Amino acid sequence: MKTTTLINKEDKLVVLTGAGISAESGIKTFRDSDGLWENHSIEDVATPSAFTRDPSLVWDFYAARYNQILEVKPNPGHYALKQLEDHLGDNFLLITQNIDGLHRLAGSKNVLEMHGSIDKCYCNKCEKTISTADVIAHRPASNSKTERYPSILKNKHQWFKCSKCSGLNRPDIIWFGEIPYHLDEIIARLRECTIFLVAGTSGVVYPAAQFLLMAKQHGAKTIGINLDAPMNVDFIEEFHQGKSGDILPSLVKKWIE
Ligand code: APR
């Protein structure tokens, strides 16, 4: 594989990952064919107004995703990034748009989950936090039961109601129209990084899609790994087309040996 970049221990590396890095673990991406947004509308399940309008529908979507994520494991792409962190220590920062927690499960420590995390929830009124496992534990076994028994239907939000107030627990996930987490820290690190690596993201969702150009404008060398050319491919100096689970392990091996 052609790689012109060398990484040494003095380099400050920032990595941005998206849904593509978890694809080989069996999690659907958003915008590939048969992706999540082909079968669900963003307006119905991933905005604050969707939750106000029909919180049960939103919860059906996220409960299914939560249950699926419980079944999957990190893949060689996640583990390669953990190896890179072991090599670079505090000079390594991983920013992910993913909510699946697979980087943490692979052992990565310097991770900023800018779009939140599927395993946490908070009340939309008092902001009390709670684990998704604790919320889901109260979910009725099947929708058919909910449909059959009018009393359950009447109280259909009860299972994700906050235990402290009249609010509703919602996933701790950044929806469209909300401000991502950790932006101040991310921008500070983009300004000082010497290498920016982006993997498995289509480069269409802002502000994450802007990070590549920001790092480049501040002097970083830019490297990309993606199945298809992302929207912002023009700002990538060294582009590796293919699966991150194939490409990352061999690139990281070259970088750290
Ligand atoms: N290896 C590398 N790249 C891959 C792989 C793979 N195995 N499989 C798919 N890809 C690429 C696709 O070609 C695509 O460019 O990953 C990208 C996934 O893009 P999206 O589905 O748009 O996911 P992402 O960029 O993470 O979406 C950003 O949008 O809907 C919101 O909040 C959601 O965090 C998400 C954000």
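Predicted model: local features only at pLDDT ≥ 70, side-chain atom pairs only at ≥ 80, totals over all residues.
I started at the domain boundary: twelve residues of domain 1 are in contact with eleven residues of domain 2.

Who supplies the area on the domain 1 side? I found that Ile 27, Ile 99 and Tyr 181 give 45% of what domain 1 buries against domain 2, more than any other three residues. Together the two domains bury about 920 Å², and 51% of that is on carbon and sulfur atoms. I also looked up the centres, which sit 30 Å apart over C-alpha atoms.

Next, the domain bounds. The assignment gives domain 1 as 1–27 + 74–115 + 180–257, and domain 2 as 30–71 + 118–173.

Then I checked for salt bridges. How many cross the interface of domain 1 and domain 2? The rule finds one. I also noted that Asp 119 forms a salt bridge with Arg 104, with the closest N and O atoms 3.5 Å apart.

I see an open sheet of three strands in the order 5-4-6, paired antiparallel. Strand 5 (129–131) and strand 6 (169–173) are at the edges with a single partner strand each, so one side of each has no neighbour in the sheet. From one strand to the next, the twist averages 40°.

I went through the pairings one by one. Strand 4 (residues 116–123) meets strand 5 over three bridges, and Cys 121 stands opposite Ile 130 there. With strand 6, strand 4 has five bridges, and Cys 123 stands opposite Asn 169.

Is strand 6 mostly covered or uncovered? Mostly covered, I found: five of its five residues are buried. Helix 5 (residues 55–70) lies across strand 4 and strand 6, running at about 135° to strand 4.

Methods. Residues numbered from 1 in each chain as written. Heavy atoms only, no water. Pairing = 2+ DSSP bridges. Helix = DSSP H or I, 4+ residues; strand = E, 2+ residues; numbered from the N terminus. Axes fitted to C-alpha atoms, helices over the stretch in contact; angles between N-to-C directions. Contact = heavy atoms within 4.5 Å. Buried < 20%, exposed > 50% of the residue type's maximum accessible area, 1.4 Å probe, protein only. Domains from an automatic or database assignment. Buried area = accessible area lost by both parts, 1.4 Å probe. Salt bridge = Lys/Arg side-chain N within 4 Å of Asp/Glu carboxyl O.
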